[in-house]
Amino acid sequence: MNKRLTFCFLTVLMLMGCTGKEAVSVVNLRCEQRVNPDGIDCTSPVLSWELSSALRDVRQVEYRILVASSLEKLKADEADLWDSKQVESDRSIQVAYAGTALSSRTACYWKVQAVTNKGVTGWSKPARWTMGLLAPSDWEAKWTGLDRSFPDDVLEGKTQLPARYFRKTFSLENRKIEKATLYISGLGFYEAYINAKRVGSQVMSPTPTDYSKVIKYNTFDVTRLLSKGDNAIGVTLGNGRFFSMRIPGVRHFGYPKMILQLEVDYADGGKTVVVSDDTWMATADGPIRSNNEFDGEAYDARKELTGWAAPGFNDAGWLQAEIVPSPGGRLEAQLNRNINVMETIRPVAVSEPVPGVFILDMGQNMVGWLRMKVKGEEGKQVKLRFAETLKEDGTLYLDNLRGALVTDTYTLKGKQTETWEPSFTYHGFRYVEITGFPSKPSVDNFEGQVVYDEVDLTGTFETSDPMINRIYKNAYWGIRGNYRGMPTDCPQRDERMGWLGDRAVGSHGESFIFDIRNLYVKWLNDIEQAQREDGSIPDVAPNYWSVYSDNMTWPGTYVIIANMLYEQYGDKAPIASHYDSMKRWMAYMCERYMVDGIMTKDRYGDWCMPPESPELVHSQDPSRKTDAAVLGTTFYFRILYLLERFALLLDKPDDAVDFARQAQAVREAYNAKYFNPESGQYSNNTVTANLLSLCYGMVPAGYEEAVFNNIIEKTAGEFDNHVSTGLVGVQWLMRGLSDYGRPDLALRIATNRDYPSWGYMIEHDATTIWELWNGNTADPSMNSGNHVMLLGDLIVWFYEYLAGIRNMPGNVGFKEIEMKPYPLDGLDYVTASFHSVHGLVKSAWKKENGVFHWDVTIPCNTSATVYLPCGKGITDEDKEAIEREGAQFVGTEDNYAVFKIPSGVYHLKAAL
Ligand code: BGC
């Protein structure tokens, strides 16, 4: 991966960095910047580490952090920036830096030593973070571009611009270069080159934002790309989200522009600074003839500007670049990861349904693009069109892509074999139509570049049920394919927006699979930046589409995700920084739409519930639809509950009392209006109405069972043991069924293969998750093959229930873990791992000859309560064997024997 300097956020993976001699060692140092919506203050990064040991029961008792301004100083224990001294604490995550005030560009080298109950660790290997440009005055560079159109620009409708190219040559002194750092933002997207070498491997950077509020810049250590004497730097700019893909229709910010500052420090002191300004040269007459995310990219290799990013290139025909106005947003270091090519896949087949029209099958609905190898005559044009599915005749099915043109065009320069891939577009596709290829194309001419945010993989999950494994795999492809510096709804049609509702509980599931902390921290900031003066929160953020429909279920994600970040990563900072905005939003909703304790406003209903007939997108049958006010009010109640929790966390007891009081009033009004105590039904008795009321704790005491029975009856009866909910209800379905005693029904729903189910999608060839339960038959106008919203709480259920890995109730960040697997009939084994902020948690169980065998790993400095399934009660022999392993027996509960275990690796077993 690229050699960038990351500023305040730096993950230095020091995997298993133990020297081998110590019993316990400190590993995986991470420096994370706290959430900071106000931007450029990066002065209090937070530091985390993990302990590693082959021993059991390792607990941290004290730690000491040293931070120095150079590696040499750190090695000599000369902590000129911060010496935390011995701190008596078991805390190993998010310890706030509290040393000398940090200034721009400071490199901070740090290490940690821990005292544990099993001895003192050695010092960890050193890690590093570097401060960004903290003050606007650190930027000498000017926003640079050409704020005007060129002959091939298409400025309305399906807008297209040729890429803009900028270059500058400069001279460095004849002295040794100690360090060179490039700070850059190029909007919408940039690619930078120094002396013809690409800077970093990231693609489609920087991360998208509302550029009128915040603009992210990237930083790279480019020392090795420079040399004494003449040098050159080149930057290509694409449209991204800055030059809108649709005018009118999608938010538009203006012509591409950039800001760039290259700082070169010499070993013997002094520096050269190269900045973007009107001394640069520019052209729109390069090989990228058009680009945008929806419609694709056109590249004419005959127009390549050979050597343009190296010294000595003749740019006499180029224009003088201009200093242009800033897009308005403040510049902030980008703390979420860039996008990159994360995997490469080979196509599986080529067909020719129509003479001269070839169809490439990638074998997988993927997101990214094709890398193509082609040889032919100069001027020959190869056209690639991308789609998720095929028509019966074997040609592309494009109807569900709406107006997206999804076309890449490559014009050959001739002679040699040419290799090409686009720079500023991506597609969601399994199939590619190839026309104009100079010869018969074969699978060997193409590679699929799988493109998404550089999020680390944190989870693995497998069961004995192939269908569950396929669903998990489809979810994995869909989730990662929709990370684009924001979580998008879909990657293929002319939409690709950060719809809030799609990610409410889904993000919790995602957090098991990927380290999404900084992505979602960034997204919460996007949401806040999109909040209106009056308090309204939109349904889409960043608000490239302006959708302020005022409902609870979509904007509520703002609060739900802040809670997820706290629970899964133990990070309270997002709650603290967004609390006031959340409160303002709730006050706004209450004032406008609350009538006698009922939240009357909703917009989407239980979006995409399975409709009564196959061609429908939305159900028309009132008995299937959940009342708008039921959705509004249950969500309103839930958000009040979360805000009460947040208020207590932030030490605002008066607020907490107020939220609790409001919640009580809402609950009473809601039950008075919608609950029928005779029947135990809410409203028109949909599963979603009953389920939300139950899972959110709104049901009057004593009626829980009756309400739950209605959920079961409806599911088993009218829906024949199938899902009946849309995006909203499905967020609680698997957990609700399991918590109230029917995990078997949850498993049934998870493994169904007929309509409606995730398995049905797979039976119909899905390799990702569909937008609609009836995605193979419904109207194409809203029918993506790669949405994640219908996953609901399925992934949470896989990890927390089937594998049984979760926070102890009331606990966060996996400091105290609850391991409680569900050994359901029909499953022979489940193997899962999750790299939490405290380290690796594992649960691998199998049933063998009536015995439950369970391998459990609990990370150092944490402990767990394990629920060992033992159908007939635990025998003394099994119990003693487990106690000998170091576990402490707590008691039996239902069909589980409960033990407390300290950190370590265990093998537990009991008869089922
Ligand atoms: C999007 C969804 C979104 C919904 C809400 C759709 O077009 O693809 O994911 O949540 O609209 O209206």
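A residue is called buried when its relative accessible area is under 20%, exposed when that area is over 50%, and partly exposed in between. The model considered here is predicted. With a relative accessible area of 36%, Asp-534 is therefore partly exposed.

Side chains of opposite charge can pair when their charged atoms come close. Asp-534 forms a salt bridge with Arg-592, at 3.9 Å from N to O. Asp-534 lies in the loop between helix 4 (517–530) and helix 5 (557–569), whereas Arg-592 belongs to helix 6 (residues 573–593), so this pair ties together parts that are 58 residues apart in sequence.

In total, the count comes to 56 salt bridges. One of them joins the side chains of Asp-90 and Lys-815, at 3.4 Å from N to O. This pair links distant parts of the chain, 725 residues apart: Asp-90 is in the loop between strand 6 (87–88) and strand 7 (95–96), and Lys-815 is in the loop between strand 43 (805–807) and strand 44 (816–819). Asp-90 has 40% relative accessibility and counts as partly exposed.

A further salt bridge connects Glu-263 and Arg-105, at 2.6 Å from N to O. Is Glu-263 buried or exposed? At 3% relative accessibility, Glu-263 counts as buried, while Arg-105, at 25%, counts as partly exposed.

Finally, attention turns to a patch of charge on the surface. Asp-876, Glu-877, Glu-880 and Glu-883 form a negative surface patch. Asp-876 is located in helix 15 (residues 876–884) and is exposed, with a relative accessible area of 55%.

Key:
Residues are numbered from 1 along each chain as its sequence is written. This is a predicted model: local features need pLDDT of at least 70, side-chain atom pairs count only at pLDDT 80 or more; totals for chains, interfaces and linings use all residues. Side-chain values use heavy atoms; hydrogens and water are left out. Patches are made of residues with over 30% relative accessible area and no salt bridge: like charges are joined within 9 Å, nonpolar side chains (Val, Leu, Ile, Met, Phe, Trp, Tyr) within 5 Å. Accessible areas come from the Shrake-Rupley method with a 1.4 Å probe; for residues, only the protein chains shown count as cover. A salt bridge is a side-chain nitrogen of Lys or Arg within 4 Å of a carboxyl oxygen of Asp or Glu. Lys and Arg count as positive and Asp and Glu as negative; His and the chain ends are not counted. The place of a charge is taken as NZ of Lys, CZ of Arg, CG of Asp or CD of Glu. Helices (H or I, at least four residues) and strands (E, at least two) are DSSP runs, numbered from the N terminus. Buried means under 20% relative accessible area, exposed over 50%, partly exposed in between (1.4 Å probe, protein chains only).
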